[in-house]
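Welcome, and please open your viewer.

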Amino acid sequence: MIEKIKETVKKLFKENKIDIFIGYSEGTLPLRSTPCFITEPDDIEKLVWNSYCFNNLAVYLPRFFLPQLQKKDVKLPRIGILAKGCDSRSIVGLIKEHQLPRENLYIIGIACEGMIDIKKIQDAGCKMKEVEIVAAEEKNGKVLVEDEDKKKIELEKEELLAEACKSCQYTAPLIYDVLIGEEKRKTKEEERAAFIEEFEKKPLEERWKYFQEQVSKCIRCYACRQACPNCYCKECFAEQTKPKWIGITDNISDIMFYQIGRIFHQAGRCIDCGACVRACPMGIDLRIFTYKLIKDVKEFFGYEAGISLKESPPLATFKSDDRQEFITEP
Ligand code: SF4
Ligand code: SF4
Ligand code: SF4
């Protein structure tokens with residue numbers, strides 16, 4: 001697949017169709033790939049494609065098309081981007097929110113087989129938690145990991161997949177100019193939602209307690225916000241001073257206000273890519289809250305984010321028969 005990606009990018013530069021390409025290159029640590037921005041064809045060789053290309057690259061797009069740049073005399077860049085299923089859904093959302101001009105994007109869609117959660121490697125009973133992983137190799141669905149004591153362990157890739165990837169419904173991109181690979185994994189909606197059903201059955205007090213327990217670990221680093229393509233506001237409500245919505249303290253009420261604000265701003269927008277979960281240094285279970293919103297938006301409004309460029313998001317439209325009981329019966 002990587003050769004096909006490189007060939008396609010080379011052709012795009014040669015035919016002068018793009019000014020910049022956003023993909024992944026080798027990270028500085030094992031088990032890491034890092035987003036990379038190619039402006040010179042000579043750098044195309046840096047590109048990689050593997051099970052650690054987990055960043056949602058759509059997060060970088062809005063800054064190239066800030067509204068103040070969209071004046072008649074400003075030439076907007078033409079951007080090529082590698083898009084997995086989740087990245088493509090974020091791109092759809094950003095186009096619909098008028099943050100990206102579709103005509104300035106060249107999307108190389110790639111069928112994704114799921115990304116590895118590094119924490120799962122460390123937790124895989126290999127006693128590698130306390131030592132550095134120095135090398136990792138992937139072959140035929142297995143991952144061979146080596147630690148600094150030269151201890152090696154072979155793990156099944158399937159067991160190491162990130163939770164969002166394990167039950168991904170859209171591994172192939174939904175919007176692209178060229179598609180590389182074929183969709184191999186796909187999960188049914190019911191299977192995907194199963195993890196949240198137990199949580200939903202719990203009494204309100206217990207759910208609230210879980211929310212408080214989880215968010216009390218938050219250190220307000222805002223990595224979850226920075227990793228999310230939906231969080232493109234020039235000024236986040238968490239940092240506004242006029243009006244000031246939240247204090248900057250680690251007081252639980254300030255933290256809860258930030259979390260509730262961020263989570264609710266994802267209603268009808270979150271595509272469950274898991275970027276916020278991966279970015280969180282405190283291991284907070286953010287997914288359960290955003291996924292609950294995904295499920296409710298689907299149930300109440302029949303809407304799924306990032307699927308179609310035509311369908312209006314529920315928060316941007318109104319139907320007289322919209323369900324409303326969630327306002328009074330949480
Ligand atoms: S969420 Fe889906 S498309 Fe995105 S990285 Fe995981 S498996 Fe791939
Ligand atoms: S809230 Fe998290 S899971 Fe949802 S789109 Fe943003 S980064 Fe992805
Ligand atoms: S990434 Fe985690 S710790 Fe940082 S602000 Fe978000 S929830 Fe809090």
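Start by selecting β5, β6 and β7, which form an open sheet of 3 strands in the order β5-β6-β7, with antiparallel pairing. Strands here are DSSP runs of E with at least two residues, helices are runs of H or I with at least four residues, and both are numbered from the N terminus. Two strands count as paired if DSSP finds at least two bridges between them. Color β5 (133–139) and β7 (152–156): these are the edge strands, each pairing on one side only. On average, neighbouring strands of this sheet are turned by 20° against each other, direction ignored; the axes behind such angles are lines fitted to C-alpha atoms, for helices over the stretch in contact, and angles run from 0 to 180 degrees between N-to-C directions.

Zoom in on β6 (residues 142–147), which pairs with β7 in the antiparallel sense over 5 bridges. Valine 145 stands opposite isoleucine 153 in β7.

A word on the model before the next stop. This is a predicted model, in which local features need pLDDT of at least 70, side-chain atom pairs count only at pLDDT 80 or more, and totals for chains, interfaces and linings use all residues. Residues are numbered from 1 along each chain as its sequence is written, while chains are lettered from A and ligands numbered from 1 in the order in which they are written.

Now color by domain. An automatic or database domain assignment divides the protein into domain 1 (2–117 + 161–327) and domain 2 (118–159). Their C-alpha centres lie 27 Å apart. The contact takes 7 residues from domain 1 and 12 residues from domain 2, where contact means C-beta atoms, placed from the backbone, within 7 Å. On the side of domain 1 that touches domain 2, the residues divide into 4 nonpolar, 2 polar and 1 charged. For these classes, Ala, Val, Leu, Ile, Met, Phe, Trp, Tyr, Cys and Pro count as nonpolar, Asp, Glu, Lys and Arg as charged, and the others, Gly among them, as polar.

Next, select the open sheet of 5 strands, ordered β2-β1-β3-β4-β8 with mixed pairing. Its edge strands are β2 (33–38) and β8 (178–180). The twist averages 30° from one strand to the next. β1 (residues 20–26) pairs with β2 in the antiparallel sense over 6 bridges, and glutamate 26 stands opposite serine 33 in β2.

From β2, follow the loop towards β3 (79–83) and pick tryptophan 49. Is tryptophan 49 buried or exposed? Tryptophan 49 counts as buried because 21 other C-beta atoms lie within 10 Å; the cut-offs are 20 or more for buried and 12 or fewer for exposed, with partly exposed in between, using C-beta atoms placed from the backbone. Leaving out residues up to four places away in sequence, tryptophan 49 touches Met1, Ile2, Ile5, Tyr24 and Ile110.

Finish with the ligands. A residue belongs to a ligand's surroundings if its C-beta atom, placed from the backbone, lies within 6 Å.

- Ligand 1: the residues around it include Lys84, Cys86, Cys112, Cys165 and Cys168. The elements giving two or more residues to this shell are α2 (85–96) and α5 (163–166).
- Ligand 2: among its surroundings are Cys228, Asn230, Cys270, Cys273 and Cys276. This shell divides into 7 nonpolar, 4 polar and 1 charged.
- Ligand 3: of the 13 residues around it, Cys218, Cys221, Ala223, Cys224 and Cys280 come nearest. By class, this shell has 12 nonpolar, no polar and 1 charged residues.

Terms used. Contact = placed C-beta atoms within 7 Å.
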